[in-house]
Amino acid sequence: MAAAAPEAGIPQPREAADNLTAKDVRDSPDPRDVVFSVRNLWKVFGPKAERIPEDDELTGLSAQELRERTGCTAAVRDVSFDVHKGEVFVVMGLSGSGKSTLVRCLTRLIEPTSGGLDMDGEDVRAMDKTKLRELRRRRAAMVFQHFGLLPHRSVIDNVAYGLEIQGVPRAERRERAAEMVEKVGLAGLENRRPGQLSGGQQQRVGLARALAVDPEVLLFDEPFSALDPLIRRDMQEEVVRLHEDEGRTMVFITHDLAEALRIGDRIALMRDGKIVQLGTPEEIVGSPADEYVRDFVQDVPREQVLTVRRAMRPAEGGETETGAALAPDTLVADAIEAVARSGGAARVMDGKRCLGIVDSTCLLNIVARIDAGEVAA
Amino acid sequence: MTAATPTASSATVPDQPGALQTALQSRGLRKILVLAVAAAVLVPLAHAKWSSGTWPSDLTVDLTGPLGRTSDWIIDNRDSHPLFVYFLGHLSNAVVISVRAVYQLLLLLGWTGVTAGVTLVAWRVAGVRIAATALISFAVSGALDMWLPTMQTLALMIVAVIASVAVGALLGLAGGLSERLFKILRPVLDTMQVLPAFAYLLPVVLIFGIGVPAALLATVVYAAPPMARLTALGLRGADPGVLEAVASLGATGRQRLLTARLPLARKELLLGLNQTIMMALSMAVIASMIGAAGLGDRVYQALASVDVGAALAAAVPIVLLAIVMDRTTAAAGERMGADPAARGPELLRGWRAWAGIAVLTALVTAAGRLAGSTVWPSGWTVAIARPVNDFKEWMVDHLYSGVPVVGGTADWAAHFTSWVLDPLRDGLTALPWWGALLIVAALAWVIGTWRTALTATLAMAAIGVLGVWKPSMNTLSQVLAALAVTLVLGFAVGILAAGSKRLEAILRPVLDVMQTMPQFVYLIPVVALFAVGRAPAAAAAVVYALPAVIRITTQGLRQVDPAAMESARSLGATRWQTLRQVQLPLARPALLLAVNQGVVLVLAVVIIGGLVGGGALGYDVVTGLATGDLALGLVAGVAIVCLGLMLDRVTQPTQRRTTGKGA
């Protein structure tokens, strides 16, 4: 049982996710498929903030120099990325890296200082109050670190709150809210007050409130940071499950690398307001863009993130014909088990085609953080 | 020197710098040094120009003339000037009509209806126990033959509270939503809350003359600030996370206010209501001096003839009214956050309960009228005035003087007057005027900021300019003496209560009751015990201010970081050492706050003490009102304001400003 599960079970979602990103990378991205398009976005706090992004001399300064020179803090600096339909886009960074500001800029809860921001091809920064309110009401809903529940309302009324804001009649919004309460596993607690719930339950209310308005995008701002580790894990699985069920686009902010790797299709790693690397979990862990990222991912168990595609070597001679067959996106950890059990090298097979071979040396190199290049040299 | 190891150098640091250098490093001493230098330059100049001693007459401005003329002008033009005819006249009429209408309604309901209605409402919002308290309280009011005065006070209160809440809530809403308005409102409201009630009497009398409109307006002006203040603070204090979440769902400004900000501020709003009601009651009683009929008037008349029995009979309903109103609103506030299911069966919630209360009240009213009794039946009353007065006579004979060993209460009062109050007053009066200003400046600056020091000094100077330096020094001497007694007793009891859970449990209900009683009421027992004079006024002030000081001290000591206490204990500190070296220093902000509150409360009652022979500024206000010499009263009123401002600023720790910002 334990032996069969990894091969059949775990890689599955990964495959689905990989297909999506692989397609995006290969084809020139279809504009309809981009939900959020962010171009050279800046958010500067402080006096006369708007002059900073335009001034080439100032933009070159480090955060500290900028503060000393101008008294301004650049929370988001020249950030560009696209969020594709149906993906889980994770923005990760330490506290103060600007990630929370960035996600608030997406719905202009914080007004960006400069740059381009489109949602479904519409210019968000050009929207007037009414259009912006519509966007917040129906198209993007947010889940907050500290929940932001209304303490004087019952669970069901909290969940229905977004619909109430939209003007949905009471009976209808209650019905829909009840569905959401059920969906997040809080059935039976409808009439409790948020103060009577545990942190995890409160965040489920927050999630249900966001889901109730059936938004196109869910925005999560460090939703699980305030929770106990065990409950955090439950909630992460809940999010993964929700994403599999509905395929809703998600933008997820976190400072927890394990969390980012667990749920992200793509990860943007932020530092001092800039994105230092943007890629799949495998790219981030396998090929860190700089020292900072390398430090960051140092303690990640690489065999849990990297796939055999990265570990394999070209096949030699008759190796293409024999040995166990593995899918290209099998995790190294799973491949290790397969290789150990079979006692010999395994083939990485894309359908009928053999892409390469993994043997115990290749796999150990991954675990030991030795790059293929180093081995060759 | 440089070769010394870090530990060695740090160990010797206390000895190394000279005493002067250490002194300069202390902020407080540096401030005093600056002041001393300024004084060294200015004092000889002032002395040369105006001489020392009491406030120089060259620097006074006599306002009696202009104020008298203003007063005369207002009296002459009250019926003709457009301002009065088209605005103030209408206001005054509206007040008279609405108070009379409420009074008529209360009479119409009769004693049965009012008692039933109040009891049921208390039951609905605050539970069975408080309903029982309400029932008993109204019955006692009737039994003391105080039904009609109670209704008069209640009518004035109802109108005043509605008006105060409306005004306060509107101001608070404005202050809560607009940063700029809040910045303007905040210091005004803060200051209004420290001013003694007496200061508000004269200006309204000047405009409206003695009568119900003046009484009501004084009450509203006095009672609205807490509502405004707490509304604004509540709205501003709303959890920013919740507000952001609400914004993220696309709420409009109005939706945000109605569904989030106001509900989130419910506790503050109810606390504001509670404070407004208590202050309105306090003022409605005092306003009897400017034409409010009712219980306060009875107390006032009785005090004027030193009829303790009659005063007590009127004071008991006041106290009961205060307790009922305070407990009802406080309990409503506590219930707010509770689970609705805990509040009883579905049938008793929402509009059904209110409809039930209305129907039941109507039924009881009808029953009362059918029985032909709308006013409390005269056969059911108990006259307590005579036995109380007999008891008081007995006290005069047996306790006032000549009690072996301890001496009599009147002896104590006389000693307090001749040994404490007189020397203090003479000392303050003999103090050169610039000396008083310097002391005020130094104290205010060391405790607070240069801003508070400036306000305090200017307020003190204004007293001199107004030409009431002497009576103000007299009042100040009473305040200081009473404050000293209050602080010694308050800190002692507070420290004991902080150390003993049992003592605190015993004290709590006593303090609760004492804190709900209007200032006026405190005059009665002290008059009974100490006759009239300055000492009884000071005693009343002590008793009035004591509960707040005890409570703040206890809470301050209790809130000291337990980790700090624990570490002190783990180092083997004795209880006394822990108290002196850890608890008291860490509780310093609370202790300073206690001093501040103590000063404000003491001043309020010392001023009212003018009614029982306290003399000085309070007496000037009373005389001004009694003889129609508004100029005299107004000048005294302004001096009271200045004195209050000065005392508050002198004792105002910088803490209050900074903590307030987060709230």
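This is a predicted model: local features need pLDDT of at least 70, side-chain atom pairs count only at pLDDT 80 or more; totals for chains, interfaces and linings use all residues.
1. Two strands are taken to pair here if DSSP finds at least two bridges between them.

2. Strands of a sheet pair through backbone hydrogen bonds, either parallel or antiparallel.

3. Within this sheet, strand β1 (residues 34-45) of chain A pairs with β2(A) in the antiparallel sense, and the pairing runs over 8 bridges.

4. Taken as a whole, chain A holds 18 helices and 13 strands. Of its 377 residues, 42% are buried, and among the contacts in chain A that link residues at least 6 apart in sequence, 67% join residues at least 24 apart.

5. Where chain A touches chain B, 17 residues of chain A are in contact with 15 residues of chain B. The elements of chain A that give two or more residues to this side are α6 (129-139), β6 (140-143) and α8 (161-166), with the largest share, 4 residues, coming from α6(A). By class, the side of chain A that touches chain B has 7 nonpolar, 5 polar and 5 charged residues.

6. In chain B, the axes of helix α28 (residues 616-627) and helix α29 (residues 630-650) come within 7 Å and cross at roughly 150°. Angles over 145 degrees count as roughly antiparallel, and α28(B) and α29(B) are therefore roughly antiparallel to each other. The crossing in which α28(B) passes α29(B) is left-handed.

7. Which residues of α28(B) and α29(B) meet? From α28(B) they are L617(B), D620(B), V621(B), T623(B), G624(B) and L625(B), and these meet L630(B), L632(B), G633(B), A636(B), G637(B), A639(B) and I640(B) in α29(B). By class, this contact of α28(B) with α29(B) has 8 nonpolar, 4 polar and 1 charged residues.

Methods
Residues are numbered from 1 along each chain as its sequence is written. Chains are lettered from A and ligands numbered from 1 in the order in which they are written. Axes are lines fitted to C-alpha atoms, for helices over the stretch in contact, and angles run from 0 to 180 degrees between N-to-C directions. Angles under 35 degrees count as roughly parallel, over 145 as roughly antiparallel, 65 to 115 as roughly perpendicular and the rest as oblique. A crossing is left-handed if the near helix is turned anticlockwise from the far one by less than a right angle, and right-handed if clockwise. Two residues are in contact if their C-beta atoms, placed from the backbone, lie within 7 Å. Ala, Val, Leu, Ile, Met, Phe, Trp, Tyr, Cys and Pro count as nonpolar, Asp, Glu, Lys and Arg as charged, and the others, Gly among them, as polar. A residue is buried if 20 or more other C-beta atoms lie within 10 Å of its own, exposed if 12 or fewer, and partly exposed in between; C-beta atoms are placed from the backbone.
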